[in-house]
Amino acid sequence: MESEENVLQSFLLILLLAASCTMVGPAAPQRQAGQAQERGGWQVFSSAQYSGGGCVCTVVTPHDAVCSRDARSKQVRRLLDKVQNMSRSIEDLDQRTRQDIGMVEKMEAELRGLERKFKAVEAGHESNRARHYQAVKAKMEELRPLIPLLEAYKADALLVRRFREEAANVTATLAELHDRMALVDYQDLHARVAGLEERLHACMQRLACGKLTRIAEPVIVKTSGSRFGSWMTDPLAPAGDNRVWYMDGYHNNRFVREYESLSDFMTSDNFTSHRLPHPWSGTGQVVLNGSLYFNKFQSHTLIKFDLKSSLISRSRQLDFAGYNNMYHYSWGGHSDIDLMVDEGGLWAVYATNQNAGNIVLSRLDPDSLQVLRSWTTNHPKRSAGEAFMVCGTLYVTNGYSGATKVYYAFATNSSTYEYIDVPLANTYGHISMLDYNPRDRALYAWNNGRQLLYNVTLYHVIQ
């Protein structure tokens, strides 16, 4: 199963890579996007190439099916079982409801008949009989509120019957989907995915860094943990190493979870726990080349922690950097120092008194943690919702909740900034972590207890 999970992990990341392969150059490219063309049982989802040749990027996906033994097939099987169990429960409830509904309708008819008799007696001015009925009428008034309740009960019974029909439809659909998924040969899938991965990575090597132009809708990877946290993969991990790192909370925590693959992270709670020598601060941690980089709680100390030996390999103070909620992002959470990785290496985003609380951006040596070069910006750190680096440019969001967008960009190659407008779907209302992974060319996010992936589109130039 380990090899299957590696293939599936590669397949997910390939789709993210390919979806961001938007290229421009001296000649207009020929593009086909969102069009499915048949190719030996598979379908071409998207492609791009130049009329004169050159780089070609193509996304090829299985035609309406995937490996019958992968995690998604098992999820469908489990979901099908749950729906079938639910359907049996609904059948039992429906049977009891049909028995009760007859009694309810009979009671309702008797109540309404009794009410009509009262009205007839009062209309005829039969005083003696009216007095005789007066006591019973008082009881009737007590029963009157029961009538709308009985009507609501009948409506609920109808809803149960409709729900039973919908469950039957879902069961049939899931069964059909599961059968179709079982038709794909795993060995064929393995070979095709391996070939696709090789071609796509070769193509992506031809693309230079680009400017952020679009952020796609988020994909929910998992729902877990508290409102705040961070999760990541290693952009410099060797081939086949698809581990996921998970850190719940923003302070006073020392335990880091390690999942073997994205599939494990999505579908199970099997993980290895690492205990750090110090608690971390904020959600700005990164994993790079086998080491975890984090800000020590209540300090401006950066720590490089070797995940293999479980030892601190380097620590260094980030001079003049604010800490302990002095210059946090607008959502708070001890987010004073935010570490991030892009195509150019390791970066730190923070603020200082010397720069009047505005963002300072420093490129760090990943071995010594020494500051190689710094840039000062005019953007207040406390006004930023979140930030991330792509191709040497710092991108800042206008907030962390509500309508969110990337609206400020600072380019380190020219030391200039500009205001932009790239919408960021904030579906769950509270972004507490947003980091770019240059290997996946995707944004990793933590939004109100949900771990998300955003595909990004960059304006590329063919080298």
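The entries below follow that order.

**Basis.** I am working from a predicted model, in which local features need pLDDT of at least 70 and side-chain atom pairs count only at pLDDT 80 or more, while totals for chains, interfaces and linings use all residues. Residues are numbered from 1 along each chain as its sequence is written, and side-chain values use heavy atoms, with hydrogens and water left out.

**Whole chain.** I find six helices and 25 strands, taken as DSSP runs (H or I, at least four residues, for helices; E, at least two, for strands) numbered from the N terminus. Of the 463 residues, 49% are buried, where buried means under 20% relative accessible area, exposed over 50% and partly exposed in between, with a 1.4 Å probe and protein chains only.

**Serine 432.** I looked up this residue in strand β23 (residues 431-437) and noted that it counts as buried because its relative accessibility is 0%. Beyond its neighbours within four places in sequence, serine 432 is in contact with residues including Arg227, Gly229, Glu386 and Trp446, contact meaning heavy atoms within 4.5 Å.

**Strand β7.** In β7 (residues 229-232), Gly229 and Trp231 point one way and Ser230 and Met232 the other, and all are buried. In general, side chains of a regular strand alternate between the two faces of the sheet. I see β7 joined by four bridges to β8 (residues 244-248), the two running antiparallel; strands pair if DSSP finds at least two bridges between them. Methionine 232 stands opposite tryptophan 245 of β8.

**Aromatic pairs.** I noted 16 of these in the structure, counted for rings of Phe, Tyr and Trp (its six-membered ring) if their centres lie within 6.5 Å, with planes under 30 degrees apart called stacked, over 60 edge-to-face and the rest tilted. Tyrosine 246 and phenylalanine 265 make a tilted pair, 5.8 Å centre to centre with 55° between the planes. Tyrosine 246 lies in β8 and phenylalanine 265 in helix α6 (residues 262-267), so the pair ties together parts 19 residues apart in sequence. Both tyrosine 246 and phenylalanine 265 are buried, and both belong to one aromatic cluster, which also includes Trp231 and Trp446.

**Charges over rings.** Lysine 222 lies over the face of phenylalanine 265, 4.8 Å from the ring centre, under the criterion that NZ of Lys or CZ of Arg is within 6 Å of the ring centre and within 35 degrees of the ring normal. The charged end of arginine 257 sits over the ring of phenylalanine 271, at 4.3 Å from its centre.
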